[in-house]
Amino acid sequence: MTDVASQSPEAGDDRPVLTNRQGHPVYDNQNQRTVGARGPATLENYQFLEKISHFDRERIPERVVHARGAVAFGYFEATGTWGDEPIAAYTRAKLFQQQGKRTDIALRFSTVIGGRDSSEAARDPRGFAVKFYTEDGNWDLVGNNLAVFFIRDAIKFPDVIHSLKPDPITFRQDPARIFDFMSQTPESMHMLMNLFSPRGIPANYRTQQGFGVNTYKWVNAEGVTHLVKFHFIPKIGVKSLTERDAAAIQAGDLGHASRDLYEAIERGDFPEWEMRVQVMTDDEHPELDFDPLDDTKVWPENEFPAKPVGRIVLDRNVSNHFAENEQIAFGTGVLVDGIDFSDDKMLVGRTFSYSDTQRYRVGPNYLQLPVNRPKNAQVRTNQQGGQMAYYVDQVGENPHVNYEPSIMGGLREAEYPTHDEQGPEIVGRLTRKRIPRTNDYTQAGQRYLLLEPWEQDDLVANLVNLIGQATRPVQERMVWHFFLVEDELGRRVGEGLGITADDVRHLPPLQSQTLSDEEQQRLANLGNNGSRDVAGLQMTHCVPNEHVRVAAEPQLAQA
Ligand code: HEM
């Protein structure tokens, strides 16, 4: 009979030996332990049970949004200034202060809607989440490549995401559902202009902008606060794809953007972005026709210039996808001294959501993991236990004291950096109200007019194609919105759908809408309002966008 016993390694094989997680050497990784060569398997086979049961648990729940992503590491290098002024006038955050000061960062790019193996050529906002490992602890700036969002109140987030995610029965993404929701959500118009234009499919992660989107605050040493918005501009320029280009890429590769990022870093072609900041005094700004706390709006850059504060460079790839990509955890609540929250109603809602989902998705001790822990700051807490506690956080000199206050060698509170009170006084009664300055159409119209012609053509084609799959009442309502956005947009999408201004001018405003006088006038003149005036307007996003041509030209393809 053939001898089927395991073979020992060849003499002189000095490679390291495989073990199990208990440190026991594995003598045979090919065969289970059985009663005889053909007999039943034994249950005391610890090595087999450990291997299979760990495999059974290899996946943690994927992120409920932004499941597919790519992480790289690098640094932020400060200019020490905001434009020409010393930055200390605006913020005391240490990472910004000295010219040339470098702070370690991790950056995760992502798509939003698909699962973790989905296509990176999908039309979707792209996540741009930066973790700054500062000496004051971590700062997370969890942003996107599009500078605005669909909604302005966090209570609507599950709804907008459900409309964009697959249908709960057919499990297909369905334009009829998406535009059903958007048609009843006029604040989404500005985002739709960006998402359904080529900006909704960046050519690669290296060729997209990044934005904090929500409004934050900077605080200086005197406790003076300013409202701020963060921008990142790619050094190699913004480049995007049309639907056809994306389809051509997707046919052969679902992970082209992760590959591009990884390969660029491996060959030493380190991606770089300039970080710029817009600043506004910390008040309501009644002179503006929008609310500075509304994340469906951008701040006109001719009035609020985006000035450089430094650059970020990515120069190292992950060494393990699971440890450093699946388990990395960002949150909008993770701020350092000198940076603060604004009352942006999305921001406060987001701040609860991130660490809540991470305690479920990764576990209550997710902040002890190497990629998440504040590696350039000390951590001393009285938190203990919980699943997967990897170590006990540093405590005071007496390890018996895991509470505060104590005079037996425990930890003490820190001093306030400067002031306890800061920012404007807020007075109001408890309520559930919309912000008064909704102005949902102006910036959407301005953005449409400031798109490059090829972007406008692609936007219109995409809207006609997708809204054409919605029900007739939804199509009519979308055309009604688009006429309020800009005559030409309403006309072009309407032509594609066979709907004129006359077909929709009888529609009353949505029950949830309160139109301003100007909007009522536009409604009365639907289709005949004339083009909006965008002379001199410098709008966020309006930087050149190179069309990366991948697909054959339409004429050739049809021939
Ligand atoms: C109220 C509104 C929002 C809620 C409740 C929300 C919630 C979430 C949740 C639960 C995750 C998964 C986090 C994880 O599992 O680690 C996530 C990821 C993410 N969100 Fe949001 N989100 C909101 C709005 C936004 C906005 C406006 C932006 C863009 C500025 C954004 C950018 C991101 C990014 C980039 C990620 C991925 C982070 C990563 O790479 O790990 N989200 N969001």
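Two strands are said to pair if DSSP finds at least two bridges between them. Helices (H or I, at least four residues) and strands (E, at least two) are DSSP runs, numbered from the N terminus. The structure is a predicted model, in which local features need pLDDT of at least 70 and side-chain atom pairs count only at pLDDT 80 or more, while totals for chains, interfaces and linings use all residues. Residues are numbered from 1 along each chain as its sequence is written.

## Strand β8 and its partners

The hairpin of β8 and β9 has 5 residues between the strands, and within this hairpin Gly223 adopts a positive phi near 85°. Strand β9 comprises residues 225–234 and runs antiparallel to β8, to which 4 bridges join it. Strand β13 (residues 339–341) also pairs with β8 in the antiparallel sense, over 3 bridges. Lys217 has a partner in each of these strands: Leu227 is its bridge partner in β9, and Asp340 stands opposite Lys217 in β13.

In a regular strand the side chains alternate between the two faces of the sheet. Strand β8 (residues 216–219) is covered on both faces, with Tyr216 and Trp218 buried on one side and Lys217 and Val219 buried on the other. Here a residue is buried if 20 or more other C-beta atoms lie within 10 Å of its own, exposed if 12 or fewer, and partly exposed in between, with C-beta atoms placed from the backbone.

Ala221 is located in the loop between β8 and β9. Because Ala221 has 13 C-beta neighbours inside 10 Å, it counts as partly exposed.

A residue is near a molecule or strand if its C-beta atom, placed from the backbone, lies within 6 Å of it. There are 28 residues around the ligand, and those that come nearest are His66, Arg108, Gly127, Ala154 and Val213. At least two residues of the shell come from each of β4 (102–111), β5 (126–134), β6 (137–144) and α8 (345–361). The most is given by α8, with 8 residues. By residue class, the shell contains 13 nonpolar, 10 polar and 5 charged residues. In this division, Ala, Val, Leu, Ile, Met, Phe, Trp, Tyr, Cys and Pro count as nonpolar, Asp, Glu, Lys and Arg as charged, and the others, Gly among them, as polar.

Strands β5 and β6 form a hairpin with 2 residues between them. Their pairing is antiparallel and extends over 8 bridges; Phe128 has Gly143 in β6 as its bridge partner. Of the 8 residues of β6, 7 are buried, so this strand is largely enclosed by the rest of the structure.

## Helix packing

Two packed helices are described by the angle between their axes and the distance between the axes. Axes are lines fitted to C-alpha atoms, for helices over the stretch in contact, and angles run from 0 to 180 degrees between N-to-C directions. Helix α11 (residues 472–485) and helix α12 (residues 487–497) have axes that come within 6 Å and cross at roughly 155°. This angle makes α11 roughly antiparallel to α12. Helix α3 (residues 175–183) packs against α11 at an angle of about 50°, with the axes 9 Å apart. That angle makes α3 oblique to α11. Angles under 35 degrees count as roughly parallel, over 145 as roughly antiparallel, 65 to 115 as roughly perpendicular and the rest as oblique.

The crossing of α11 past α12 is left-handed, and α3 likewise passes α11 in a left-handed crossing. A crossing is left-handed if the near helix is turned anticlockwise from the far one by less than a right angle, and right-handed if clockwise.

## Backbone exceptions

Most residues other than glycine have a negative phi, and most peptide bonds are trans. The table lists exceptions in this model.

| Site | Backbone feature |
|---|---|
| Met388 | positive phi of about 60° |
| His541 | positive phi near 90° |
| Glu404 to Pro405 | cis peptide bond, omega near 10° |

Met388 is found in the loop between α8 and α9 (442–450). With 11 C-beta neighbours inside 10 Å, Met388 counts as exposed. His541, by contrast, has 22 such neighbours inside 10 Å and counts as buried; the loop that holds His541 lies between α14 (517–524) and β14 (545–547). Pro405 belongs to the loop between α8 and α9.
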